[in-house]
Amino acid sequence: MIGILLALHGSKDPEWSEVSKGYRELLSKRFPLVEVGYLEYNSPSLREALETLVEKGADQVVVLPLFISLGRHLKEDFPRALGLTGDKAVVKGKSVKVVIAKPIGVHEKVAEVLAERAEEALRG
């Protein structure tokens, strides 16, 4: 079974976590196993979220970074935090395939949302 790990940086601001809850709810409409994990500041950690997905039956996990671009966090910190060796992680003695999806990047749909936000700001 495929698990989805929505991966976020984390923040000391408690209101910030509302975004992750909203995206988890939206992704849960498309995927049966969705967990949220944070690189720092918030719980659960990326590794804890991965372990929860495996406990719930995931044997493959797709990490969806809620990041705009590829950088050190995605290239180095995520694999280390998840305990990856190549595309595998050992979770409670079980080898699990883990792939990290590309960040959001430049995308027409994101530009549409940004344009909507600009229009909203102008309207007050």
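In which sense do strand β1 and β3 pair, and over how many bridges? Strand β1 (residues 2-8) and β3 pair in the parallel sense, over six bridges, where two strands count as paired if DSSP finds at least two bridges between them. The structure is a predicted model, in which local features need pLDDT of at least 70 and side-chain atom pairs count only at pLDDT 80 or more, while totals for chains, interfaces and linings use all residues. Residues are numbered from 1 along each chain as its sequence is written, and side-chain values use heavy atoms, with hydrogens and water left out.

**The sheet and strand β3**

Helices (H or I, at least four residues) and strands (E, at least two) are DSSP runs, numbered from the N terminus. Six strands form an open sheet of mixed pairing, in the order β2-β1-β3-β6-β5-β4. The edge strands are β2 and β4 (84-85), each of which pairs on one side only. Strands of a sheet pair through backbone hydrogen bonds, either parallel or antiparallel.

Strand β3 also runs parallel to strand β6 (residues 94-100), to which four bridges join β3. Strand β3 (residues 60-65) has a covered face made of Val 61, Val 63 and Pro 65, and an uncovered face made of Gln 60, Val 62 and Leu 64. In a regular strand the side chains alternate between the two faces of the sheet.

For residues, buried means under 20% relative accessible area, exposed over 50%, and partly exposed in between (1.4 Å probe, protein chains only). In helix α2 (residues 46-55), the buried residues are Leu 46, Ala 49, Leu 50, Leu 53 and Val 54. Seen down the axis of α2, these residues fall within an arc of 140 degrees, so they line one face of the helix; the arc is that of the directions from the helix axis to the C-beta atoms. The elements that cover the buried residues of α2 include β1, β2 (34-38), β3, α3 (72-82), β5 (88-91) and β6, with contact meaning heavy atoms within 4.5 Å. Just after α2, Gly 57 takes a positive phi of about 115 degrees.

The buried residues of α3 are Leu 74, Asp 77, Phe 78 and Leu 82. They cover an arc of only 120 degrees around the axis, which puts them on the same side of α3. The face of α3 turned away from this buried side carries the exposed residues Arg 72, Lys 75 and Arg 80. Cover for the buried residues of α3 comes from elements including β1, α2, β3, β4, β5 and β6. Just after α3, Gly 83 takes a positive phi of about 75 degrees.

**Salt bridges**

A salt bridge is a side-chain nitrogen of Lys or Arg within 4 Å of a carboxyl oxygen of Asp or Glu, and a search of the whole structure finds eight of them. The table lists some of these pairs.

| Lys 56 | Glu 35 | 2.6 Å |

In the salt bridge of Glu 35 with Lys 56, Glu 35 lies in strand β2 and Lys 56 in the loop between α2 and β3, so the pair ties together parts that are 21 residues apart in sequence. Glu 35 is buried, with a relative accessible area of 10%, whereas Lys 56 is partly exposed at 46% relative accessibility. Arg 24, Glu 35 and Lys 56 are linked in a network of salt bridges.

Arg 47 and Glu 51 both lie in helix α2, four residues apart, about one turn of the helix, and Glu 51 is partly exposed at 24% relative accessibility. An α-helix has 3.6 residues a turn, so residues three or four places apart point the same way. In the remaining tabulated pair, Arg 72 counts as exposed at 51% relative accessibility, while Asp 77 counts as buried at 10%.

**A nonpolar patch**

Val 19, Tyr 23 and Leu 26 form a nonpolar patch on the surface, with about 280 Å² of accessible area together. Patches are made of residues with over 30% relative accessible area and no salt bridge, like charges being joined within 9 Å and nonpolar side chains (Val, Leu, Ile, Met, Phe, Trp, Tyr) within 5 Å; the accessible areas come from the Shrake-Rupley method with a 1.4 Å probe, and for residues only the protein chains shown count as cover. Tyr 23 lies in helix α1 (residues 17-28) and counts as partly exposed, at 41% relative accessibility.
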